[in-house]
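Please view the sequence and the structure together.

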Amino acid sequence: MEPVSFEFKGFNNELVEQLAERMSEALQGYEFKGFLVGCTFEDYLSDEGKEMLKKKFQPILVKRLEEELGTKADYSNADIEILVNFNQDLVYFIVRSVYIYGRYKKYIRGLPQTKYYCFKCKGKGCSHCNYKGVLSEESVEELIAKHALPMFSAKYAKLHGAGREDKDVRMLGPGREFVIEIIEPKKRSVDLKKLEKKINVAEKGKIEVIGLQYCEKGKIREIKGKRNDKVYLALIACKEDIGEEKLKGLIDEYKIKQRTPQRVLNRRADIVREKKAKIIEAKKKDSNTIELKIRAEAGLYIKEFVSGDDGRTKPSIAELLGTECECRELDVIDIIE
C-alpha cells in the first residue's frame, strides 16, 4: 500500500485533523477490525522530547482516528499498522496478510507447485525462457491465486506448501497441506466455501482444493515442520526384462544412504542423508516396465532411489535388479499422518 504525504507545521489540532483525514481517505475500501499507530519523531528531538510526544500527541491522534475510522485501536491483533514518519512527512501502512489453510490435489503433470522462474535469468527474461522469465505457463499457486485475489481485492498471493512434489509428479490421495497467503487484501471476510467451489469448477482436471479455512501465520511453520511418510506409485522402465521372481524379491524394507541428487546440487548442500523406504507392491506391466508402490520417509528422492543417480543412492532399484532403471511416471498416492 502506497504511503501518503502530509504537511507538518507543528504538533497541534490542525495536524491531528490533517493526519486523520489523509489516513481515512487512504484506507477507503479496506476491511479491517483493528489498527495500531506508531510514530517516528524528528531526529533532532531529544529522547525526552520524543517520549513526551509519544505520551501526549500519539494518544490524541489515536482517539481521533478511532472516531474517523469507526473502529478501535488494537495493539495485540491489528489488521492495519499505521506508521507516521515525521522525518519524511509520510504515513506508511502495513496491511496484515490473510492466511488460508487447505489441501490441494494435482491431477496433471508438468505443473509446478509455485511460479517456476527461469533458473538462468531468475525471472528477468532471456532466450532460454522466451523472455517470459518463467519456465511454465501456470502453477498450483497461480491457479489458486487467480480466483482468490479478485475475491479479496488483493494483487499478490504466496503459496506455502508442506513440502513440494516435482512438477511432473501428480499429487493424489488426501492431497498436500498448504497455506495460501493473501498479501495486502482489501477484503478479509470472503466465503471460503464459495472460493473453494470456484477454484474446483474452473480448474477441474488440473487441481482440486479441499477444506479451505482461515488460519494464523503460525500454521505455515506447523505444516512445514511435518515429516510425514508418503506412499508413491512409480512406473519404471528397465533396460532388461525383469523376471517375476526377481521382481517379487524387491518387496522389503530398505535403509538407504542418499547423497544429494545431481539435479538439485545447485540449490542443496552436497551431503549424505540416511532414509528408510519400504516396497509394498511390485507389478510387471510389460517385459521392460514395472510398477512399484513405495512407502518412503520424508526427504527421500524417489527418482534417484530408482535410478541410483550414478551410485549416489545406495541401494537403488537399479542396483537391486542389476539393470539400468528410469522412473517414467511418479504419483504421490497417500500421506501418512
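## Strand assignment and Gly-211

Strands are DSSP runs of E with at least two residues, numbered from the N terminus. The model is predicted, and in it Gly-211 belongs to strand β8, which covers residues 207–215. Gly-211 is partly exposed, at 30% relative accessibility. Computed along the chain, Gly-211 and Ser-46 are separated by 165 residues, and their C-alpha atoms lie 54 Å apart in space.

## Salt bridges

Side chains of opposite charge can pair when their charged atoms come close. The count for this model is 32 salt bridges. One of them joins the side chains of Glu-67 and Arg-64, with an N to O distance of 3.6 Å. Both residues sit in helix α2 (residues 47–69), 3 residues apart, or about one turn of the helix. Glu-67 is exposed, its relative accessible area being 54%. A salt bridge also pairs Lys-72 with Glu-66, whose closest N and O atoms are 4.0 Å apart; Lys-72 is exposed at 58% relative accessibility.

In the salt bridge between Asp-79 and Arg-96, the closest N and O atoms are 2.6 Å apart. This pair links distant parts of the chain, 17 residues apart: Asp-79 is in the loop between α2 and β3 (80–85), and Arg-96 is in the loop between β4 (90–95) and β5 (98–106). Asp-79 is buried, at 6% relative accessibility, whereas Arg-96 is partly exposed, at 27%.

## Positive surface patch

A patch of positive charge on the surface brings together Lys-158, Arg-164, Lys-224, Arg-267 and Arg-268. Of these residues, Lys-158 is placed in strand β6 (residues 156–161). Lys-158 has a relative accessible area of 42% and is therefore partly exposed.

## Cysteines

How many disulfides does the model contain? The count is 0. A disulfide requires two cysteine sulfur atoms within 2.5 Å. For Cys-126, the closest cysteine sulfur is that of Cys-121, and at 3.8 Å it is too far for a bond. Cys-126 is buried, with 16% relative accessibility.

Cys-325 likewise takes part in no disulfide, its nearest cysteine sulfur, in Cys-238, being 3.8 Å away. Cys-325 is buried, at 8% relative accessibility.

Methods
Residues are numbered from 1 along each chain as its sequence is written. This is a predicted model: local features need pLDDT of at least 70, side-chain atom pairs count only at pLDDT 80 or more; totals for chains, interfaces and linings use all residues. Side-chain values use heavy atoms; hydrogens and water are left out. Patches are made of residues with over 30% relative accessible area and no salt bridge: like charges are joined within 9 Å, nonpolar side chains (Val, Leu, Ile, Met, Phe, Trp, Tyr) within 5 Å. Accessible areas come from the Shrake-Rupley method with a 1.4 Å probe; for residues, only the protein chains shown count as cover. Lys and Arg count as positive and Asp and Glu as negative; His and the chain ends are not counted. The place of a charge is taken as NZ of Lys, CZ of Arg, CG of Asp or CD of Glu. Helices (H or I, at least four residues) and strands (E, at least two) are DSSP runs, numbered from the N terminus. Buried means under 20% relative accessible area, exposed over 50%, partly exposed in between (1.4 Å probe, protein chains only).
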